[in-house]
Amino acid sequence: PTFDAGSAMSRYYSGPVSDHFDGKRFFGPRESGNKGFSQLLKWQLSGERAKWPRWIENTAYPPPPERVEGDAIRVTMIGHVSTLVQTAGLNMLTDPVWSDRASPFQWAGPKRVRAPGVALKNLPQIDLILVSHNHYDHLDTGTIATLVAAHDPLIVTPLGNDAIIRKAAPTARIAAIDWDETTNCGPLTIEAEPVNHWSARWSSDRNEALWAAFTIHAPNRRIVFNGDSGFAGGWWVDRLMAKHKSVDFSLCPIGAYAPRWFMADAHMDPDEAVEVYKRMGAPLTLGYHWGTFQLTDEPIDEPRERLTAALKREGIDPARFRTLEPGEAWEL
């Protein structure tokens with residue numbers, strides 16, 4: 001359904017009021033993304049944005065296998081937040097974005113500086129897509145429509161995002177779930193988890209769809225895909241660990257954090273990501289959300305460099321918390 005901007009209802013979701021939904025908008029224990037136009041203008045006019053290269057050629061890597069069976073986990077970096085995770089005989093994509101821009105327009109907005117690490121046509125059969133929220137660098141309807149036509153995957157996403165996806169891909173198989181709800185895909189159980197973030201496609205639909213991390217329960221492995229979150233004192237990771245006790249593999253954002261006065265409630269910096277790693281019990285972790293689209297002020301390689309420094313300072317083996325180049329794979 002479509003509602004005008006002044007409607008008392010969400011344009012994406014209709015459901016009962018809860019402890020994180022007021023009938024129109026979703027919210028969390030700690031506010032995020034509440035900056036006004038004057039603050040946005042202050043940031044944009046600050047002149048502190050680092051200069052990124054216009055284009056970086058990727059290194060060629062072997063293509064992913066058709067399947068990875070059993071308890072093994074293989075993750076291939078596509079770029080930004082998009083990864084291919086293969087385990088238990090299933091292939092899943094996280095927040096797949098193959099478009100040239102993370103924007104509502106393909107003629108303006110953040111433009112990728114590196115090609116996707118695996119071309120769409122070279123992907124193995126995709127069984128499952130996780131979409132964490134509706135920001136354009138996470139929910140790319142053009143890519144979703146292409147994947148639905150080619151692979152017919154199950155798409156798991158938080159409440160309300162199904163309406164956005166359905167408009168672009170009417171035949172998509174979608175499971176829209178609330179925080180702490182689960183759905184199944186073959187041997188995997190996918191559970192939505194709260195994180196400290198927000199949502200919007202336009203200026204008038206803020207928080208009318210839900211955002212989430214996902215816990216993927218494989219037969220003998222537990223994987224957490226964060227999606228996007230500010231640290232916010234770590235309330236969400238403490239909650240997650242109180243519920244699940246252990247995590248084997250984590251996908252965690254480390255970039256798009258500068259300036260901190262503007263970004264801290266929505267995006268972690270590398271030091272906070274290392275704190276999350278520690279609170280999670282030191283699972284093998286992939287750092288993403290950097291190096292593809294210039295969304296914020298920091299230099300292109302600074303997230304990786306700061307992560308390396310933080311791991312050294314904390315005495316953490318860098319082989320346990322890694323970054324990958326587009327197309328590069330990590331077999332766990």
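Me: Which residue forms a salt bridge with D271, and how far apart are the closest N and O atoms?

Reply: D271 forms a salt bridge with R313, and the closest N and O atoms are 2.5 Å apart. A salt bridge here is a side-chain nitrogen of Lys or Arg within 4 Å of a carboxyl oxygen of Asp or Glu. This pair links distant parts of the chain, with D271 in helix α6 and R313 in helix α7, 42 residues apart. Helices (H or I, at least four residues) and strands (E, at least two) are DSSP runs, numbered from the N terminus.

Me: What kind of model is this, and what is left out of the side-chain values?

Reply: The model is predicted: local features need pLDDT of at least 70, side-chain atom pairs count only at pLDDT 80 or more, and totals for chains, interfaces and linings use all residues. Residues are numbered from 1 along each chain as its sequence is written, and side-chain values use heavy atoms, with hydrogens and water left out.

Me: Back to that pair. Is R313 buried or exposed?

Reply: R313 counts as exposed, at 54% relative accessibility. D271 is partly exposed, with a relative accessible area of 28%. Buried means under 20% relative accessible area, exposed over 50%, and partly exposed in between (1.4 Å probe, protein chains only).

Me: Which residues do salt bridges with shared partners join into one network?

Reply: That network is made up of R260, D269, D271, E272, R306 and R313.

Me: How many salt bridges does the count come to?

Reply: The count comes to 24 salt bridges. One of them joins the side chains of E208 and R25, at 3.5 Å from N to O. E208 lies in the loop between β8 (188-193) and β9 (213-217) and R25 in the segment before α1, so the pair ties together parts that are 183 residues apart in sequence.

Me: Is E208 buried or exposed?

Reply: E208 is buried, with a relative accessible area of 0%. R25 counts as partly exposed, at 29% relative accessibility.

Me: Changing topic: how much space lies in the largest pocket?

Reply: About 1100 Å³ of space lies in the largest pocket. On a 1 Å grid over the protein atoms alone, a pocket is an open set of points with protein on both sides within 12 Å along at least five of seven lines, a cavity is a set where a 1.4 Å probe fits but cannot get out, and lining residues have an atom within 4 Å of a point. Grid points are joined across faces, edges and corners, and a volume is the space filled by probe spheres set on the points.

Me: Which residues lie nearest the centre of the largest pocket?

Reply: L40, W43, H135, W198 and F262 lie nearest its centre, among 34 lining residues. The elements giving two or more residues to that lining are α1 (37-44) and α5 (260-263). Helix α1 gives the most, with four residues.

Me: How do the lining residues of the largest pocket divide?

Reply: They divide into 15 nonpolar, 12 polar and seven charged. Ala, Val, Leu, Ile, Met, Phe, Trp, Tyr, Cys and Pro count as nonpolar, Asp, Glu, Lys and Arg as charged, and the others, Gly among them, as polar.

Me: How many cavities of 30 Å³ or more does the structure hold?

Reply: The structure holds two cavities of 30 Å³ or more. The largest cavity has about 80 Å³ of space, and the residues lining this cavity include M77, R114, L324 and P326. Its lining divides into four nonpolar, five polar and two charged residues. The second largest cavity has a volume of about 60 Å³, with W52, A256 and I300 among its lining residues. By class, that lining has seven nonpolar, four polar and one charged residues.

Me: Last one: where does G233 lie?

Reply: G233 lies in the loop between β10 (222-225) and α4 (235-244). G233 and R30 are 203 residues apart in sequence and 9.3 Å apart in space, C-alpha to C-alpha.
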